[in-house]
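The entries below follow the order in which I looked things up.

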Amino acid sequence: MHVPSLIEKKREGGILEDAEIRQLIAGYTSGEVPDYQMSAMAMAIFFQGMSPVETASLTRAMMESGEVLSFPESAPRIVDKHSTGGIGDKVSLVLAPLLACDNVWVPMISGRGLGITGGTLDKLESIPGFSVNLTTEETMLQLEEIGVVMIGQTADICPADKKLYALRDVSGTVPSQPLIVASIMSKKLAESLDALVLDVKFGAGAFMKTKEDAESLANAMCDVGREMGVDTKACLNPMDEPLGHAVGNALEVVEAIATLRGGGPADLRELVLDLSEQIAHVDRSQLETWLDDGTAFSVWEKLVAAQGGNPEQLDQFGEVHPANCIKEIRSDRSGVIRKIDAETVGRSSLLLGAGRAKASDEIDFSVGFDQIRKTGEQIGDGESLARVHARTEQEAERAANEFLQGVSIV
Ligand code: URA
């Protein structure tokens, strides 16, 4: 395989053969193809796109870069959910333990922060001791015991996505339909699911800015899923303002815990229920009962304990990662909040340290925004619009100014 020729072929709008894609992904996974060549290829794909046949080949090659989970005959229905990425999107932290109340198995493989969006793995790792790197054997044992596991791509499962995901995050190549389809569906297909629900976001804080683009992405993912025998459904959801009231890793875990305790923000709870009912055996009212009566929270405690965290810390989780500087962001007028721009909040949170600029960057779990108000609410002059959690006074000041640029009050 001559990688520069493949990059040039894609750069000029050519169609890559199945064998070429397989060799490229195998070479990238083994380390034979370096990051700089894969980065150039990702950019060529970003500009030239891929045909449905190429996208299917890429998805399959990435899935086959590692193991595909195989379950015993006696296993219950295997289900999962995946989001295309949003701001303040902590749905998975609530939905995975909730679904596990329903006599199904949820072998959730998630990702880290990507572009301006946060990642489930980074949020989980803000729980001290929580490991997202389980072996396949540990994964299977945990499913047998508690019906849910939340892990990342590993050297065993979807290693190609583990590398390419991190590379896309820092090379400006995230919002490409074929790359998103292959990234999401390779992980989900490696889970050998019976049913999958996709939360496809559109709007300011999503990779797909328009509903039409989100629809096209949803159709492409559903086609790949169904072709592989997975009952795949997609829900389109707006991502113009942050989900819930918090953005930032530990801050979002606090909000997820409140939701698992039957409280939490209304929009988060609704979205968890909307998505869960697409794949659960039970109806919405039973799912609500499991959130309200502590059943889902007790699965969450077992999940945290099984993966190395301390469930006793969960009730005071807001105190686990205190930021050096916490500052109110105040409105300079009264009126109705018309906009809190998710992209602005996501970008500012990334700059505070909640995401990465280079693949080697460490995440700061403590930073971000909380107590974010919602659009449609009335606000008075001088009232708080949100709080910023930052490492320094200067960074808090900068982030507060950025946040205000995304706000419209009339
Ligand atoms: N989630 C993923 O796993 N991959 C993407 O490319 C986008 C969202």
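**Ligand contacts**

I began with Ser-183, where a polar side-chain atom lies 2.7 Å from a nitrogen atom of the ligand. I count as a polar contact a pair of N or O atoms within 3.5 Å; within protein, one must be able to donate a hydrogen and the other to accept it, and residues adjacent in sequence count only if both atoms are side-chain atoms. For Lys-187, I found a polar side-chain atom 2.6 Å from an oxygen atom of the ligand. In the side chain of Arg-168, an N or O atom is 2.8 Å from a ligand oxygen atom.

I then looked up the cover: of the 240 Å² of accessible area that the ligand has on its own, the protein covers 97%. Accessible areas come from the Shrake-Rupley method with a 1.4 Å probe, and for residues only the protein chains shown count as cover.

**Basis of the entries**

I note that this is a predicted model, in which local features need pLDDT of at least 70 and side-chain atom pairs count only at pLDDT 80 or more, while totals for chains, interfaces and linings use all residues. Residues are numbered from 1 along each chain as its sequence is written, and side-chain values use heavy atoms, with hydrogens and water left out.

**Helix α8**

Among the buried residues are Tyr-165 and Arg-168. The buried residues of α8 pack against α2 (18-30), α3 (35-48), α4 (52-63) and α9, with contact meaning heavy atoms within 4.5 Å.

**Backbone entries**

I recorded a positive phi of about 50° for Asn-103, although it is not a glycine. Asn-103 lies in the loop between α5 (91-99) and β2 (106-110) and is exposed, with a relative accessible area of 57%. Ser-192 also has a positive phi of about 50°; Ser-192 is in the loop between α9 (177-190) and β4 (195-202).

Methods. Helices (H or I, at least four residues) and strands (E, at least two) are DSSP runs, numbered from the N terminus. Buried means under 20% relative accessible area, exposed over 50%, partly exposed in between (1.4 Å probe, protein chains only).
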